[in-house]
Amino acid sequence: MKVFFEKFRMLTRAQKVCFILEAVFGLLTVVVGILFITRVQWLYATYKDELAHPYTPETIWKAFAPIMAIVIVWGLMLIAVGVLSIIYPHEKRFRYQGARADNIRELEAKLPKEAVAGMEVEYAIIEKQRRNRLIGFIVSLAISIVCAVFVFMYLLNKNNFVGSNVEELINEIAKCMEHIVPFIVISFATSCIVVALNEIWAKREFESLKCVLKAAKINQRPLPRKTLDKKIVWLIRGIVLVAAVSFIILGIFNGGAAEALKKAINICKECIGIG
């Protein structure tokens, strides 16, 4: 964090404004997403038993009116961020770079085979942070796998999706969200926490590695990162584009696109109250 604030102070006023606006916009995006999900749940829980067609313009407006001010602010910030991204391109704006794992590996490769005298504490810190990062990765992976298993158990159970009309389909989607969203939130929150902790552990390990290399009088700067050849990058993009177009064409010919369009039309008609 100290390095972050030092770099932040060196920015121009325009760069500080861009960075702060992007940070607030990212946080507001998460808040808007959470509010939208909660209002959808409120709409379903409030009107599912009172009206034959609960998703009318009046009920939808009543559900989302309380968050319209925040949504409008979010839209204005989206426009502001887009304009600033044109005025101040990414290469001219502040981007905080943490201690990357590949840089740490490169510094570790430079460590002398024999321990440097007087650096016992630094070696202990390096080993501890390396162990912490490994444990964090294992815990995050294990929780994500467990959450994914429960989600797929629900999604792959045919008994949970037997509706034949739009109303039953909407009810099944709402129940599906109630069952799988908690696991998605747990997995996402765990990953965010581990990423934040991993950054702290990596910074500590990075500093200790530099101290050991300095004591051993070895160049501390990591080697320049190797990037993919432009031909390989364009080849990968071409393969992805061809695959995407192929699947779209396949979906059109096997009737999948028409079926999805039919369901979308039915749901939209039901939501706006003209179905």
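Helices (H or I, at least four residues) and strands (E, at least two) are DSSP runs, numbered from the N terminus. The model is predicted, so local features need pLDDT of at least 70 and side-chain atom pairs count only at pLDDT 80 or more, while totals for chains, interfaces and linings use all residues. Residues are numbered from 1 along each chain as its sequence is written, and side-chain values use heavy atoms, with hydrogens and water left out.

**View 1. The protein chain as a whole.**
The protein chain holds 9 helices and 0 strands. Read from the N terminus, its elements run α-α-α-α-α-α-α-α-α. Of its 275 residues, 23% count as buried (under 20% relative accessible area; exposed is over 50% and partly exposed lies in between, with a 1.4 Å probe and protein chains only). For contacts (heavy atoms within 4.5 Å) between residues at least 6 apart in sequence, 78% join residues at least 24 apart.

**View 2. Cys176 in helix H7.**
Cys176 belongs to helix H7, residues 166-215. With a relative accessible area of 9%, Cys176 is buried. Beyond residues up to four places away in sequence, Cys176 touches Tyr154, Leu155 and Phe161. The C-alpha atoms of Cys176 and Leu155 are separated by 7.8 Å, and the two residues are 21 residues apart along the chain.

Helix H6 covers residues 120-155, and its 36 residues should span 52 Å at 1.5 Å a residue. That expected span is 1.5 Å times one less than the number of residues. The end C-alpha atoms of H6 are 52 Å apart, which agrees. The buried residues of H6 are Glu122, Ile126, Gln129, Asn132, Arg133, Gly136, Ser140, Cys147, Val151 and Tyr154. Ser144 also lies in H6, but counts as partly exposed because its relative accessibility is 22%. Leaving aside neighbours within four places in sequence, Ser144 is in contact with Ser187 and Ser191. Between Ser144 and Thr190, 46 residues apart along the chain, the C-alpha separation is 8.1 Å.

**View 3. Helix H2 and Arg39.**
H2 has 35 residues and reaches 50 Å from its first C-alpha to its last, close to the expected 51 Å. Buried in H2 are Gln15, Cys18, Leu21, Phe25, Leu28, Val32, Arg39, Leu43, Tyr44 and Tyr47. Arg39 counts as buried because its relative accessibility is 17%. Not counting residues up to four places away in sequence, Arg39 touches Lys62, Ala63, Phe64, Pro66 and Ile67.

The 20 residues of H4 should span 28 Å at 1.5 Å a residue, and its end C-alpha atoms are 29 Å apart, which agrees. Met77, Val81 and Leu84 of H4 are buried. They cover an arc of only 65° around the axis, which puts them on the same side of H4; the arc is that of the directions from the helix axis to the C-beta atoms. An α-helix has 3.6 residues a turn, so residues three or four places apart point the same way. Leu76, Ile79 and Ile86, on the other side of H4, are exposed. The buried residues of H4 pack against H2.

**View 4. The crossing of H2 and H4.**
The axes of H2 (residues 13-47) and H4 (residues 68-87) come within 10 Å and cross at roughly 145°. Axes are lines fitted to C-alpha atoms, for helices over the stretch in contact, and angles run from 0 to 180 degrees between N-to-C directions. The crossing is left-handed, meaning that the near helix is turned anticlockwise from the far one by less than a right angle. H2 contributes Cys18, Leu21, Glu22, Val24, Phe25, Leu28, Thr29, Val32 and Leu35 to the contact, and H4 contributes Ile70, Val71, Val73, Trp74, Met77, Leu78, Ala80, Val81 and Leu84. By class, this contact has 16 nonpolar, 1 polar and 1 charged residues, where Ala, Val, Leu, Ile, Met, Phe, Trp, Tyr, Cys and Pro count as nonpolar, Asp, Glu, Lys and Arg as charged, and the others, Gly among them, as polar.
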